[in-house]
Amino acid sequence: MHLTYYLLAYRRLEAPDEIPFELRPSPGKGWGAFATRRIDRGSLILSEKPTFVIRMSHTEITDYHFLLLRDNGSSCFTSMNEAFAENSFNIANSDQHEPEAHGLFPLHSRFNHSCIPNSEVPTVTGEAISSFATRDIAAGEEINFCYNPGFQGRTRYERHQALRFTCHCVACLPGTPFQQLSDMRRRLIRGLQYLSHGVDLDGQRQSSHSIIFDSKLKFAAETFSITLSSRLIYALLMILFLEEEGLLDDSMDSRLRPSLTKTVQLFKSESNQSIAELAMEQKTWVKKLEVAFKLYGREDAADYEVTLALRQLRLLF
Ligand SMILES: C[S@@+](CC[C@H](N)C(=O)[O-])C[C@H]1O[C@@H](n2cnc3c(N)ncnc32)[C@H](O)[C@@H]1O
């Protein structure tokens, strides 16, 4: 009796008629949002205004009732604070140093997490939040976004530690060939990110050699002495792993492409320049990498300048 009542509670959520999804149980994840028609990449999924906004931090909110809110589609939350935390999004503009503000968004809060998502954490415009498809979503497919940043370089175990629940997405199903490869790919992605940035995902240098085993290479990364040729090859390798992992969606593409274009533009030695440009003209990422591999082991006239510039940037931040 109680369970039926709890499950029906979500049916009472008010949703605009034209939304391209419905809420229903998602096996192993409580309730979730499922596309009711094809959603093209880049198109709007939902724009939602908050039921209300509380202009304080989660820890300060203590005394309200949230009758519609359920802990993962079943029992009521035991604390109001937790109920609000699980159903709200931060709507403060951090660029303009606005004080913390959280809005209650009952529909977007039904979107489950995936380590291979098809939409992004909703963007904030004023007090409304909007989600967009980052890949084509087929009718019947669950709509999800990745709850935590930096997951592309984390293994299943590491992701679950951060999420504090056992994720049931395709990259997390234990014992599958995809999952085993996925962990391997994500370790490689983390290593390649270390080589490019000279720091780990937390912005810190690793004291151990668990990510980059070769101490000379680790030192070269941390002192930004990696050559431009290697930088381009590492960047393309990383994109290839992201693509194989199903993570090269519009959002990832737009994050990575500018720095890739910049790397190509930095080459000063003519023959390197033409190989790099030829690589970028190739249609697929694997083809781009194949051509860029011709640069392997080559130094460039811009290497020293790039090293100095990156060291200065590191000192600034
Ligand atoms: C914001 S709610 C999402 C909607 C929720 N499923 C519901 O029924 O209301 C987040 C909770 O959903 C569950 N969840 C979300 N994504 C999941 C996933 N990939 N695998 C398992 N559980 C998931 C977890 O319990 C998580 O704490």
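**Close-up 1. Helix α4 against helix α6 in the predicted model.** In this predicted model, the axis of helix α4 (residues 177-197) and that of helix α6 (residues 228-245) come within 9 Å of each other and cross at roughly 155°. Because angles over 145 degrees count as roughly antiparallel, this crossing makes α4 roughly antiparallel to α6. The crossing in which α4 passes α6 is left-handed.

**Close-up 2. Residues in the contact of α4 with α6.** On the α4 side, the contact is made by S182, R185, L188, I189, L192, Q193, L195 and S196, and on the α6 side by R231, Y234, A235, L237, M238, F241, L242, E244 and E245. Sorted by class, the contact of α4 with α6 has 10 nonpolar, three polar and four charged residues.

**Close-up 3. The open sheet β1-β2-β10-β7.** Four strands, in the order β1-β2-β10-β7, form an open sheet in which the pairing is mixed. The edges are taken by β1 (21-25) and β7, each of which has a single partner strand, so one side of each is left without a neighbour in the sheet.

**Close-up 4. Strand β10 and its pairing with β2 and β7.** Strand β10 (residues 142-145) pairs with strand β2 (residues 31-35) in the antiparallel sense over two bridges, and within this pairing A33 stands opposite I143 in β10. Strand β7 (residues 112-113) is also joined to β10 by two bridges, but here the strands run parallel, with N112 standing opposite N144 in β10 and H113 opposite F145 in β10.

Methods
Residues numbered from 1 in each chain as written. Predicted model: local features only at pLDDT ≥ 70, side-chain atom pairs only at ≥ 80, totals over all residues. Axes fitted to C-alpha atoms, helices over the stretch in contact; angles between N-to-C directions. Parallel < 35°, antiparallel > 145°, perpendicular 65-115°, else oblique. Left-handed = near helix turned anticlockwise from the far one by under 90°. Contact = placed C-beta atoms within 7 Å. Nonpolar A, V, L, I, M, F, W, Y, C, P; charged D, E, K, R; others polar. Pairing = 2+ DSSP bridges.
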